[in-house]
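Student: Could we go through this protein together and check each label against its definition? I like to see the cut-off behind every word.

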Amino acid sequence: MTLCKVLITGAGGMLATDVESTLSPEFRITALSKAQLDITNRDAVFKAIDSIKPNVLINTAAYTNADECEKNREIAMQTNGTAVGCLAQAAQAIGARIIHISTDYIFDGEKQGQYSEDDKPNPLSVYGQSKLIGEQELIRFTNN
């Protein structure tokens, strides 16, 4: 039996730790921290994904401090936005599936009840805007 290879970005973070701990032992997991893989470095992303050749890429890497995103818009947009498109392209280049974690910050909070993927986004912060760009990049590079 061939084990499914899973690459998790953002290792060491709370979400990555939780995701990794819930995966079954039937997966061969490679978890890379920011020090091991800076997702904003396109060449490093393509090299790592081509080298590891995961079947599934789970992106938990993000710039999540909403207040800091307001001060560092460019870093937020690169990390939460552009880099997601790069991950999607690199995954697609080797035929891997990608799972990306987003946030409710892409919505304005005005809706009564729960949001769904079909609801119109309206982010009110740089963090929310950057995460929405990441979703758009993911769609752009995976819906061919």
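Tutor: Happy to! This is a predicted model, in which local features need pLDDT of at least 70 and side-chain atom pairs count only at pLDDT 80 or more, while totals for chains, interfaces and linings use all residues. Residues are numbered from 1 along each chain as its sequence is written, and side-chain values use heavy atoms, with hydrogens and water left out.

Student: How many helices and strands does the protein have, and what counts as one?

Tutor: The protein has 5 helices and 4 strands. Both are DSSP runs numbered from the N terminus: helices are H or I with at least four residues, and strands are E with at least two. Along the sequence they follow the pattern β-α-β-α-β-α-α-β-α.

Student: How do you know whether the radius of gyration agrees with a compact globule?

Tutor: The rule is 2.2 Å times the number of residues to the power 0.38, and the radius is taken over C-alpha atoms. For 144 residues a compact globule would come near 15 Å, and the protein has 15 Å, so the two agree. The C-alpha trace spans about 50 × 30 × 30 Å along its principal axes.

Student: Why is α4 called roughly parallel to α5?

Tutor: The axes of α4 (residues 73-94) and α5 (residues 126-142) come within 8 Å and cross at roughly 15°. That makes α4 roughly parallel to α5, since angles under 35 degrees count as roughly parallel, over 145 as roughly antiparallel, 65 to 115 as roughly perpendicular and the rest as oblique.

Student: Which residues of the two helices meet?

Tutor: Among them are Arg73, Met77 and Val84 in α4, and Tyr127, Ile133 and Phe141 in α5. Contact means heavy atoms within 4.5 Å.

Student: Is Ala93 buried or exposed?

Tutor: Ala93 lies in helix α4. Buried means under 20% relative accessible area, exposed over 50%, and partly exposed in between (1.4 Å probe, protein chains only). Ala93 has 59% relative accessibility, so Ala93 counts as exposed.

Student: What makes Phe107 buried?

Tutor: Its relative accessible area is 13%, so Phe107 is buried. Phe107 sits in the loop between β4 (97-100) and α5. Leaving aside neighbours within four places in sequence, its contacts include Tyr115, Asp119 and Pro121. Buried residues make up 39% of the 144 residues in the protein.

Student: How many residues apart are Phe107 and Ala93 along the chain, and what separates their C-alpha atoms?

Tutor: They are 14 residues apart along the chain, with 31 Å between their C-alpha atoms.

Terms used:
Axes are lines fitted to C-alpha atoms, for helices over the stretch in contact, and angles run from 0 to 180 degrees between N-to-C directions.
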